[in-house]
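This short report is for someone meeting the structure for the first time. Please look over the sequence and the model below before reading on.

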There are 2 protein chains.
Amino acid sequence: MKSSKYRPPSPKKKREPIAFDIYPLLSYNGYMKNKNTGNCLIAQSGGPTSAINASLAGLIAEFKENCDGEIFGALNGIQGVLSRNIINFKDLLDINEENLEKLKISPAMYLGSCRYKLEPFQTAINQLLPDYERIDDYTCIFNILKEYNIKYFFYIGGNDSMDTVKKLGEYAKSIDSDISFMGVPKTIDNDLPVTDHTPGYGSAARYIAASMLEMAYDTSIYNTKSVLIVEIMGRNAGWLTAASALARTDFSDAPHLIYLPEKNFSDTQFLSDLREKLTSRSHVIIAVSEGIHYQDGTYVSAAGSIKDQFGHVMLNGAGRYLAKLVSSKIGCKVRSVELNVLQRCSAHLSSLTDINESFELGKTSARAALSGESAKMSCLRRIKNEDGQYAVEYFLTEAENVANKEKKLPLEWINQAGNDITQEFLDYARPLILGQPKIEYQNGLPVYLSIRHLGV
Amino acid sequence: MKSSKYRPPSPKKKREPIAFDIYPLLSYNGYMKNKNTGNCLIAQSGGPTSAINASLAGLIAEFKENCDGEIFGALNGIQGVLSRNIINFKDLLDINEENLEKLKISPAMYLGSCRYKLEPFQTAINQLLPDYERIDDYTCIFNILKEYNIKYFFYIGGNDSMDTVKKLGEYAKSIDSDISFMGVPKTIDNDLPVTDHTPGYGSAARYIAASMLEMAYDTSIYNTKSVLIVEIMGRNAGWLTAASALARTDFSDAPHLIYLPEKNFSDTQFLSDLREKLTSRSHVIIAVSEGIHYQDGTYVSAAGSIKDQFGHVMLNGAGRYLAKLVSSKIGCKVRSVELNVLQRCSAHLSSLTDINESFELGKTSARAALSGESAKMSCLRRIKNEDGQYAVEYFLTEAENVANKEKKLPLEWINQAGNDITQEFLDYARPLILGQPKIEYQNGLPVYLSIRHLGV
């Protein structure tokens, strides 16, 4: 599939609808000339981001424009398909421009999520059905898709979700089904391969950088020595923690030390780094990934950790452990802060660039499916526009290239001492956090779409 | 001093300069006719808020308008006076409208802070001077004020700072000094007596409510039972934690349980409340004050607590303790989040009402000092405007009425079961969080004034 150039709207300008002719996809397969038929089913999966609903809005906008079929949503991901928890989207929400704009900036997942991994289809059994009804997940899913006359299935998610897209695509091929299975990427972690960056990352990065800046102000007020340790999400990849460096302005150097999971951590080196910083400044602010670990692989705070369904270790407490270490070995005032879930749901501080790109990725996947593509995911490629500025183009990759894979921060973007990032990272990440979406406030609160249908 | 009516600008409208004639203060003592002379010195103290610099801006704007003297700032509060860390404000910043607008929305404390408590003046010794130079704090302070020709001293802070204002005012009287000492209130805790509410509270409350709403969205996505415990600041008063209830909209009921330090906490009752909520809903979100305690007075998490200079116990971990309790006794998915320092420095989400009122409180204190008042603090009184809507008027109270005193949430605003607040609280707090200040963004970050002069 050929890609096309697209210049993202300047963050200072109002959001503009993207010109239609930038997608070569549109011009082949003839689907613009003859409206397509068949219904689509959309589901979301994995952890939430502030931008994932923008991809949902993009899918819906594109599908509505170019296909006469119905738009269905499965609640709580592939589990919602397996348990027939499927709604006609128009019963949830009038599909009009105003609602799609609200959907674009609403945090978390409008259709809910799940963490359900399909077995390889040779061995699959649907665990959700009662014993006497059990069939394998694939038979169950395809029965239900047939029942709803689904021709296009979209899954918005991360590398686990792309595993689902890949498996369903393979299964469809094996049974000669013409149903298209398309992925749309999302993850705050920015750890998907192939795509330049992941939708959701820019918004989380912006929240992290702005919070870091505000905490630098907060920390500045006393003239006694103090250390602030900020723990940021990221099990294996340091993208989010590195984004804290975007907080640096003419007015603040924070964070002063940054530790990422890409490098082995050492308590001794950390204390030595910190002592040196404390000789030249009163306040030292440190960003650490939740996933920092020692050379032998043990996490800095493995205490209380448990494994989730995918075998990921769920961590907590690296920051708290280090705060205790500083308190006992250096003895100055120290505080640890976990940004926690706010870094993935603070939609009022989303990046407009991220929201717009997420929307376009949704549209790209819809166009691809309508053009007959399957088992693929839409991606971003960074290019330069005519002015030499940041721009992106959209393309497809096989879901297989993304499924269960992880992209870490390049080691050359971490400084020699292993306690900071380089200018290359800043140049890479800065364009991703630009632009403030227009947020409406009512009663002092940001206005998002209702999620009552999720039973909350 | 007579008070005057003031209708706060509607949050939907642009900020408007407040009409000058609303202050009867202006019309007495004749200081508008003849420009006053003498310099002023301003300092800030205690913990930061997002609105304290708005009060600083108000003081400066009013003083510049009505007095020919110089404006000095003491860095790091009264400690900055004692250690002669005093700057002429115009050397820091051009005093113009643009910079004052930026100052109004900049978080933390532009002049830095301290936690330094003056001894009663009979026994005071300046601990900051070398042994051979030691004189008492009062002699030292008055020597320095004389040296800078200070006629007006302003201290922006909480109940500890009003203790300083009171003592300096009393000392001035005892030595027949005509220097005026005026307080301007601030604290996110909303625990000062006399004033209807405290500047800084509305902004913190807005951040807490918006974050609670966004976390409710985040929590909604999985269809498995889960509990989220959000720990909010507040040692002895539940005002901030109660503000989480402002998050409730047509689309979200969170938080579903609220526990405040005004009521004794019981693990058994908590588990019983939670079990009941879990019978009717999948996701239960709980707001708890850091200062919740059992009937015998011990804090729910006293572990690791230390005392600060004022004898306040610094707590952490009520939320974490309760998360472990839920995990072991109920066994469902549970997470605890501490909003931590972000609730007092997230200036990008300040309440415009709060910012405007803080600015006016600064102006009120400046006018009062120029009118010959001393040892007083400016206050807010809630009134109704002609449309029956929320409005405030400004008045003065003796610093003595505020010094070292605390105002707790009225018990009648807590429900019978002790696990929620009443509509009366919501009616009280809602107007305080209204209005979004205009924030400029550069490179994706909010633009605040530099704090480089604090040595950060």
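## Two helices in chain A

How do the axes of helix 1 and helix 12 of chain A cross, and within what distance do they come? This is a predicted model, in which local features need pLDDT of at least 70 and side-chain atom pairs count only at pLDDT 80 or more, while totals for chains, interfaces and linings use all residues. Residues are numbered from 1 along each chain as written, chains are lettered from A in the order written, and side-chain values use heavy atoms, without hydrogens and water.

The axes of helix 1 (residues 52-66) and helix 12 (residues 352-370) of chain A come within 7 Å and cross at roughly 40°, axes being lines fitted to C-alpha atoms, for helices over the stretch in contact, with angles from 0 to 180 degrees between N-to-C directions. Helices (H or I, at least four residues) and strands (E, at least two) are DSSP runs, numbered from the N terminus.

## A sheet in chain B

Chain B holds an open sheet of 4 strands in the order 8-9-7-12, with parallel pairing, where two strands pair if DSSP finds at least two bridges between them. Its edge strands, each pairing on one side only, are strand 8 (257-259) and strand 12 (333-338) of chain B, and the twist averages 15° from one strand to the next.

Strand 8 and strand 9 (residues 283-289) of chain B pair in the parallel sense over 3 bridges, and B:Leu257 has B:Ile286 in strand 9 of chain B as its bridge partner.
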